[in-house]
Amino acid sequence: MYVIWIIVFYLTYKIIIPTLLFQGKNGFFFIAICILTLSVLYISDTFNSLINLDAILNQHFKISKKDNMHGALISNLSEIIITLLMVGASTVISVAKKLQAETQVRQNLEKEKVTSELSFLKSQINPHFFFNILNSIYALAGTENQPAREAIYTLSHMMRYVLYDTRNNMTTLSKEIGFVEDYLKLMELRITDKVQVIFEKPTNVKDVEVAPMLFLPFIENAYKHGISGIYPSYIYIGIQQSERLLQIEVRNSIFENQTLSKEESNGIGLINTRRRLDLIYPGKYELVTNEDTLQMEYSVILKLQIS
């Protein structure tokens, strides 16, 4: 019986609880425990019959038939109680370990989220971008004061968004689109007439909450790898919004003999961007990247489920 109860403990601990109780199948869990308890009683009675326990007890202790039935009932009750204690002990231990593991995972996710957000805010905008823009503004200041003033104003507007509007975990879609528009204005200072940039946005933006500066890594990636000072090139940025879905699509031209490392091509990179999406939108996003060497085009499509 000790061996049987040890088997009951580990069978419940390793199989029944993980596959039934932790999966929300409470009814099946209760049925499994009942079957397990009845099986223990059946094995015990079968073993007693094999060794002819009643005859042995009667031979040595002269137990009457009535007392023998009473003793069998007490024995069965004891076996049921011990079996249920084994089931209870394994359940308590399993639940305690699961709660401990979930608490640890939650703490790790919170730490990773904080770390990710901090590193994101520090390195999201590539420092080379600022150097290039400031050099472009410097070049303009000597000839056209008005474009230089507009560029400086746009840059300060972007910095205000980065420093103040991204302090919280979420921002509004209209502010995020405005930031993208400011970014595109400044990038116009760096590109030539051979580069075509198309930006499409919803006509009527419904202000929903989104993670701040979520679209920028894909756009930065397109500017870094999708434009050329020699060949005609293009960048397409499209933002679409429906009742429950927000989508951004970024496509850019690619060139022969171009060394691409899209996953680590900007600030925090697409790998960390995907990790950030895992933390903020777990199970609520779809990110697809594709490099079409026939069409010489690289594309990124991000779909977010929004409320």
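This is a predicted model: local features need pLDDT of at least 70, side-chain atom pairs count only at pLDDT 80 or more; totals for chains, interfaces and linings use all residues.
Which residue lies over the face of phenylalanine 22? Look there and you'll find lysine 98, at 5.1 Å from the ring centre.

First, the overall picture. The protein has 307 residues, and 36% of them count as buried. Its chain is laid out in nine helices and seven strands. If you take the contacts with a separation of 6 or more, 74% of them come from residues 24 or more positions apart.

Now head for helix H1, which covers residues 2-21. Phenylalanine 9 and tyrosine 13 both sit in this helix, four residues apart, and that is about one turn of the helix. Are these two buried or exposed? Both phenylalanine 9 and tyrosine 13 are buried. Their rings also pair up. A pair of aromatic rings is described by the distance of the centres and the angle of the planes. The protein has six aromatic pairs by the rule used here. In the one made by phenylalanine 9 and tyrosine 13, the centres are 6.0 Å apart and the planes are at 10° to each other. Planes under 30 degrees apart count as stacked, so that is the label for this pair.

Next, find helix H4, which runs over residues 65-123, and pick out threonine 83 in it. How much relative accessible area does threonine 83 have? The value is 0%, and because buried means under 20%, threonine 83 counts as buried. Who does threonine 83 touch, once its neighbours within four places in sequence are set aside? The list is Trp5, Val8, Thr37 and Val40. As for handedness, the crossing of H7 past H8 is right-handed. And which residues meet where these helices come together? From H7 come Phe179, Val180, Tyr183, Leu184 and Met187. On the H8 side, they meet Leu216, Ile219, Glu220 and Tyr223.

Notes. Residues are numbered from 1 along each chain as its sequence is written. Side-chain values use heavy atoms; hydrogens and water are left out. Rings of Phe, Tyr and Trp (its six-membered ring) pair if their centres lie within 6.5 Å; planes under 30 degrees apart count as stacked, over 60 as edge-to-face and the rest as tilted. Helices (H or I, at least four residues) and strands (E, at least two) are DSSP runs, numbered from the N terminus. Buried means under 20% relative accessible area, exposed over 50%, partly exposed in between (1.4 Å probe, protein chains only). A charge sits over a ring if NZ of Lys or CZ of Arg is within 6 Å of the ring centre and within 35 degrees of the ring normal. A crossing is left-handed if the near helix is turned anticlockwise from the far one by less than a right angle, and right-handed if clockwise. Contact means heavy atoms within 4.5 Å.
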